[in-house]
Amino acid sequence: MQNNVRALRVAAHLSQVELASAAGITRQTLSLIEKGAYNPSLKLCLNICYRLGQTLDQVFWVAPGDQ
Amino acid sequence: MKKIKDERLIIRNLKNIRLSFIIENGALLAVLGWQLGQGQAWSRVVSYQNPLFSIFMLAAVSLTLLSLNVSVPMEDKPRASWGQLVWHGLICWVIAWLFCWGLLRVNPLAAVGLALIFTVIFSGIELVANHLRDPHDDVTHQS
């Protein structure tokens with residue numbers, strides 16, 4: 001599923017390794033999330049949002065029909 | 001082995017365990033089939049004296065018991081009362097006794113004991129399944 005993780009991570013000047021380690025996941029998993037190839041659990045979504053200093057809808061909101 | 005914290009890898013690991021379980025049991029079945037194909041007696045191969053058969057049955061029984069927490073939510077039946085559980089147990093005991101005495105031609109008194117073993121196993125499974133049933137909470141309007 002598409003999301004804004006990559007854009008917001010770059011805007012926050014964080015590397016994949018830094019964000020992944022802060023969220024408690026591997027860099028490979030973060031890479032898959034950014035590509036939309038892996039759907040994280042709500043707990044992990046929230047963890048990523050906390051680290052990016054964003055809200056859930058800013059990072060993961062997808063309009064109906066855009067999935 | 002390091003503790004896995006990444007949720008994707010935890011799921012991946014569980015899928016790997018499932019695959020190895022399928023391979024292991026497939027191999028067990030293949031060896032049991034091979035033993036039968038070699039002309040060994042059915043009663044010798046399909047017997048708890050045969051370690052391969054015992055391991056296969058252990059896996060089958062544990063999988064059946066563990067799958068209760070999948071099948072029970074899928075059924076979504078209301079929780080049974082203690083009275084109903086006792087009633088089910090009694091019915092099971094009578095049917096098992098009739099089966100052992102009538103069909104298996106076991107001594108009537110021994111059939112009572114054998115039926116009791118069936119009933120204890122059946123009631124144990126019923127108790128676990130009943131414990132897993134959630135009381136329905138279908139309240140749609142708050143007063």
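**Questions on chains A and B**

Student: Which residues does Leu132(B) touch, leaving out those up to four places away in sequence?

Tutor: Two residues are in contact if their C-beta atoms, placed from the backbone, lie within 7 Å. Residues up to four places away in sequence are not counted. On that basis, Leu132(B) touches Leu68(B), Asn69(B) and Val72(B).

Student: What kind of model is this?

Tutor: Residues are numbered from 1 along each chain as its sequence is written, while chains are lettered from A and ligands numbered from 1 in the order in which they are written. Local features need pLDDT of at least 70, side-chain atom pairs count only at pLDDT 80 or more, and totals for chains, interfaces and linings use all residues, as this is a predicted model.

Student: Which helix holds Leu132(B)?

Tutor: Helices here are DSSP runs (H or I, at least four residues; strands are E, at least two), numbered from the N terminus. Leu132(B) falls in the run of residues 108–132 of chain B, which is helix H6.

Student: How far apart in space are Phe122(B) and Gly89(B), C-alpha to C-alpha?

Tutor: In sequence, 33 residues separate Phe122(B) from Gly89(B). In space, C-alpha to C-alpha, the distance is 7.4 Å.

Student: At what angle do H5(B) and H6(B) pack?

Tutor: Axes are lines fitted to C-alpha atoms, for helices over the stretch in contact, and angles run from 0 to 180 degrees between N-to-C directions. H5(B) covers residues 82–103. Its axis and that of H6(B) are 8 Å apart, and the angle is about 145 degrees.

Student: How many helices does chain A have?

Tutor: Along the sequence, chain A reads α-α-α-α-α. It has zero strands, and its helices number five.

Student: Which residues of H2(A) are buried?

Tutor: H2(A) covers residues 16–23. Its buried residues pack against H1, H3 and helix H4 (42–52) of chain A. They are Leu19(A), Ala20(A) and Ala23(A).

Student: Within what arc do the buried residues of H3(A) fall?

Tutor: H3(A) runs over residues 27–35, and its buried residues are Thr29(A), Leu30(A) and Ile33(A). They line one face of the helix, because seen down the axis they fall within a limited arc. The arc is that of the directions from the helix axis to the C-beta atoms. Its value for H3(A) is 100 degrees.

Student: What percentage of chain A is buried?

Tutor: Chain A has 67 residues. Buried residues make up 22%.

Technical notes: Buried ≥ 20, exposed ≤ 12 C-beta atoms within 10 Å, placed from the backbone.
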